[in-house]
Amino acid sequence: MGNGTSIGRVRGLGPSHEGAHHWLLQRTTAAGNLIVMTWLLASFLMLPDFGYASVSTWLAQPIAAVPMALLAISLFWHARLGLQVVIEDYIHEPGSKFALITALNLAAIGGAAFAIFSVATLAFGAQG
Amino acid sequence: MLVSILHRVTGSAMALVGLPLLAWFLGALASGPEAYATFTGIMGTLPGYVVLFGLSWAFFNHMMSGLRHFVLDIGAGYDLDVNRFWSVASPIIAAALTIALWSWLLLAKGI
């Protein structure tokens with residue numbers, strides 16, 4: 001909180017003390033999700049079938065691997081922000097809230113890292 | 001109010017069920033044909049299809065109410081009749097999109 005401009009004097013004084021950044025990121029990732037999920041559904045509908053050969057060949061190309069990695073980032077990030085709000089709304093005991101949000105952060109980062117590494121494994125041909 | 005609750009429920013469901021399935025799908029692909037066959041084998045059962053159908057409905061529902069949020073965020077759509085119209089239309093459009101997706105999958109892909 002600053003003490004210069006009128007906005008600086010009131011910033012952070014709302015009941016939650018924070019949130020605008022969270023709110024904006026929720027919208028940014030929502031817009032990202034709309035793009036990557038449209039891409040994913042269109043790609044699924046254009047695949048000849050869902051067998052291993054078709055799907056792995058498709059996903060190993062950079063044109064599919066990059067959006068899939070971005071999809072993992074956007075989706076896990078958005079889910080992390082959304083579940084944080086759910087936890088904050090229903091868990092009021094500070095210790096439990098802290099523990100759950102910590103677990104959520106670790107799970108979201110872990111899930112996204114696993115998804116991105118899996119895509120990279122395919123793209124870099126570790127499975128031949 | 002129902003639209004708001006559905007937004008939260010579908011979002012939570014996709015986060016807790018959909019994202020683990022996405023990670024499993026990608027991990028199985030990276031692990032090779034056998035692991036992928038295990039994934040498709042389980043998701044190809046009736047309960048598997050029920051989960052996938054439910055997730056696709058959750059996605060479209062969350063997408064429509066999310067798009068409605070975008071409009072409300074810019075300060076538009078607060079007239080009672082307009083607001084009510086889209087709160088009713090969003091889940092209906094979502095259901096139509098879900099049916100359209102699975103019709104395509106069933107008819108064009110023979111799934």
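Reply: Start with helix 3 of chain B. Helix 3 of chain B has 28 residues, and its first and last C-alpha atoms are 40 Å apart. That is close to the 40 Å expected at 1.5 Å a residue. The expected span is 1.5 Å times one less than the number of residues. Helices are DSSP runs of H or I with at least four residues, strands are runs of E with at least two, and both are numbered from the N terminus.

Some ground rules. This is a predicted model, where local features need pLDDT of at least 70, side-chain atom pairs count only at pLDDT 80 or more, and totals for chains, interfaces and linings use all residues. Residues are numbered from 1 along each chain as its sequence is written, while chains are lettered from A and ligands numbered from 1 in the order in which they are written.

Back to helix 3 of chain B. Its buried residues are W57(B), A58(B), F59(B), F60(B), N61(B), H62(B), M63(B), M64(B), S65(B) and G66(B). Buried means 20 or more other C-beta atoms within 10 Å of the residue's own; 12 or fewer is exposed, and in between is partly exposed, with C-beta atoms placed from the backbone. What do these buried residues pack against? The partners are helix 1 and helix 4 of chain B, plus helix 2 (20-46) of chain A. Contact here means C-beta atoms, placed from the backbone, within 7 Å. Just after helix 3 of chain B, G75(B) has a positive phi of about 90°.

Helix 4 of chain B comes next. It has 30 residues and covers 43 Å between its end C-alpha atoms, close to the expected 44 Å. Helix 4 of chain B bends by about 25° at A89(B). The bend is the angle between axes fitted to the seven residues ending at a residue and the seven starting there. A proline, P91(B), follows within four residues.

Now zoom out to chain B. It has four helices and zero strands, in the order α-α-α-α. Its radius of gyration is 17 Å, well over the 13 Å that the globule rule gives for 111 residues, so chain B is more spread out than a compact globule. The radius is taken over C-alpha atoms, and the rule is 2.2 Å times the number of residues to the power 0.38. The C-alpha trace of chain B spans about 55 × 30 × 20 Å along its principal axes. Buried residues account for 23% of its 111 residues. Among contacts in chain B between residues at least 6 apart in sequence, 71% join residues at least 24 apart.

Next, the contact between the chains. It takes 23 residues from chain B and 26 residues from chain A. On the chain B side, helix 1 (2-31), helix 2 (33-43), helix 3 (46-73) and helix 4 (80-109) each supply at least two residues. Helix 1 of chain B gives the largest share, eleven residues. The chain B side divides into 14 nonpolar, six polar and three charged residues. Nonpolar covers Ala, Val, Leu, Ile, Met, Phe, Trp, Tyr, Cys and Pro; charged covers Asp, Glu, Lys and Arg; the others, Gly among them, are polar.

Across the contact, helix 5 of chain A deserves a look. Its 30 residues should span 44 Å at 1.5 Å a residue, and its end C-alpha atoms are 43 Å apart, which agrees. Its buried residues are A108(A), G111(A), A112(A), A115(A), S118(A), V119(A) and L122(A). An α-helix has 3.6 residues a turn, so residues three or four places apart point the same way. The buried residues of helix 5 of chain A pack against helix 3 (52-60) and helix 4 (62-90) of chain A together with helix 1 of chain B.

Two residues show this in detail. A115(A) counts as buried because it has 25 C-beta neighbours inside 10 Å. Leaving aside residues up to four places away in sequence, A115(A) touches A72(A), L22(B), A23(B) and L26(B). L59(A) lies in helix 3 of chain A and is buried, with 21 other C-beta atoms within 10 Å.

Conventions. Two residues are in contact if their C-beta atoms, placed from the backbone, lie within 7 Å.
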